Structure formats: C-alpha cells, structure tokens
Amino acid sequence: MTYTTELVTDESAFAALSADWARLYDSCPTATPFQSHPWLHSWWLSYGRPGRLRVVLVRDGDELVAAAPLMRVNRPLPALVPLGGAISDYGDVLLDEERGEPAAAALTGGLLAAARTALIDLREVRPGGAAERIHDRWPGPRSRVPDSLCLELPAAPMPELITRLPLAKTQQRARAKLRRLAALDIERHIVEPDEVDKALRRLLELHELQWQGRKVTPEHLRPRFREHLVRAVGPMVAGGNAVVTEFRLDDDVIAVDLTLLSPRLAGGYLYGAHPCLRERKVDVAVMLLEATTLYARGTLSLLRGNEPYKHHWRPDPVENRRLLLARRRTAPLLAAALCSVAARRRGKELVRRWKERDGGGRS
C-alpha cells in the first residue's frame, strides 16, 4: 500500500477539499466539530493570513486518508499551529481509522517535511486525539505538556444528570427549575439550515444584550466572528455537526443556543438569552443543558474553562494537551517553547498565591 503526501498552501485548493474532508472526518472517530471542513475553512476566511496556509494531506490513490490543518506563524516562535485558533476548543489532525498506523506514519512523514525550520505546536488536543498517534511515533525531539482544562459530563438524560448534584436539596431545586420552565411553556424550535443565518444573528444580538455592562469576550462582538459563525454553521447543521435551537415565549425568540456535535461529543458552544428570563427567575443554564442532552452522544462537554457554575453538576475534569514536535535542527525552538510554558505556569502560581494571601488578610 503506497500513500502520497501533499502540502496545500492555496486557499481555493483548501476550499475544494470539502467533500473529501467530510468523508475523512466521518471516518475519524476522535474528530471534534472543530475539525470539520466548514468550521476550518470559514475560520481561515475570517482569520487566516495570505501565504500562511499549510494543510498536510495523505492520500491512498484519490482517497483522502489523513490531514493536518495548519498554518505558519512567526511569533513568538516560527511554528505550524492548528487552524481554528483561540475560538476553537479542540485542535487535532484527522486519521482514517481503518487505515491505522500506515496512515499515521505517512502523515508523520508529511509533517516532518512541512516543518522545515518551524516547530509544530499542536494546541488543545483532547486526550485520545489522533494527534497523539503522531506524537508517539515522531522521530525528532518532542514534548507533551498540559493545556486548557475542559469539564465533561456523561451523555445522559436530564433526570439522570440531576442525580449527580451533591445534595437532595439541590436535586429538588433543579427539578423545581425544570417544572418552572415547563409551566412557562417555552417552545423549543430546531432551526433548519436555511434559517441559520437569521437565528445566529439573533443569538449574537442576545449575547451582547445579556452581557451588557459586564465583562464579555470581545471577539464574540466583532464582525469577523459573526461572519465566521454564520458562514460555518449552516453547512454544519446540514451535515449533522451542529444544532441551533431557538427558545420562544409568546412568539418572541428569547434565547438561541448553538451546540456543536460529533460522533462522540456534544458541546454547547455559544448562546444568547434575553435578560427578561432572569426577571422570570428562569435558570438559563438548566434550560440550555436540558436542550443539549437531547443531542449528546458519548460525552457532553462543557468545553474549555473552569468556571464555578460548571462544577455545580460535578463534571469530570479533562485536561487538553499541547503536543510540541521539532526536527533535530529546530530543537532550540522546542526548548524555548518549554521555557515559555514553565514561566507562564510559574507566573500563574505566583498570582494564585498572592490572591490567597491577599484574601486571607482581609477582615
């Protein structure tokens, strides 16, 4: 069996991969929605920079059997990094499960050739991700360090998730919240692909409204993010990789939720909710979680972030990994990256200790 590798640097060639990419995505059980072609190509159109695209492909004849969607950056170090950037919760490569180690070996060789004078820096790889197979067989200097923390729940019906709550009193309170939702008669409407544009624009309007006067992720309010989301999610809904849900009260859309889907994972990515829900004492988190449980398969991910409200459900902490791969001549780049990781970790630890001392000294 002979595989061929190809390095795609042309944007139109990347766009033309849609059908082949979809087949490969479906054959890679560890893929997350952030590795789907609509998400990655739309991200590139909003955030990519000319001349930086580096997509490594492996084919068996005409069939795409492995892919690594990357781009070149020069700061803080010359590196090949995953497409998807900071707005994507997971990064990974794609490997056809049926091709096994031969496909992984061919993709490793393609990445080794593409790296040249750059470090390969694979961020936010979920444990068990396909990129770990590349790391394990990498012939040069390599390292694996912790990345962001994600919190995960089993894909279970809402009544079962409620039993995870630590006290009988909190379980009773959660059930009361569900009864309140039912009494309000909030209608759930699953958005069709041709309705996605309008629904997502409403989501972003509500998202901005709900965070008014509070600290919000600035990127979510920028036109490039809106354009990316609208462009990506329609095809993802059509392909079964996303679901957009409108929550309607008296014919008004008072909340919109975007949940991303893959064969083994579902995660609520972004939502917008009208402040009137707080006035009606609606627990929006419970409302959204209940809706997400209808589509979760395998794992219900609360995605990145260690926010206190997520711990209410006693989720399992799962730490993403950062895989650093170098050639022998680029080993100094790997050493520099590891020094930066250690310095950042030390800085966070010092800030945490300072906050603990400061808080402990207050009356």
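In these legends Lys and Arg count as positive and Asp and Glu as negative, while His and the chain ends are not counted. This is a predicted model, in which local features need pLDDT of at least 70, side-chain atom pairs count only at pLDDT 80 or more, and totals for chains, interfaces and linings use all residues. Residues are numbered from 1 along each chain as its sequence is written, and side-chain values use heavy atoms, with hydrogens and water left out.

**View 1. Charges across the protein.** The protein carries 55 positive and 45 negative side chains. The centres of these two sets lie 9 Å apart, with each charge placed at NZ of Lys, CZ of Arg, CG of Asp or CD of Glu.

**View 2. The buried face of helix α2.** Helix α2 covers residues 18-26, and its buried residues are Trp 21, Leu 24 and Tyr 25. Here, buried means under 20% relative accessible area, exposed over 50%, and partly exposed in between (1.4 Å probe, protein chains only). Helices (H or I, at least four residues) and strands (E, at least two) are DSSP runs, numbered from the N terminus. Looking down the axis of α2, you will find its buried residues within an arc of 100 degrees, so they line one face of the helix. That arc is taken from the directions from the helix axis to the C-beta atoms.

**View 3. The other face of α2.** Turned away from the buried side of α2 are the exposed residues Ala 19 and Asp 26.

**View 4. Packing partners of α2.** The buried residues of α2 pack against α1 (11-15) and α3 (37-47), and also against β2 (53-60), β3 (63-73), β5 (94-95) and β10 (252-262). Contact means heavy atoms within 4.5 Å. In the protein, 75% of contacts between residues at least 6 apart in sequence join residues at least 24 apart.
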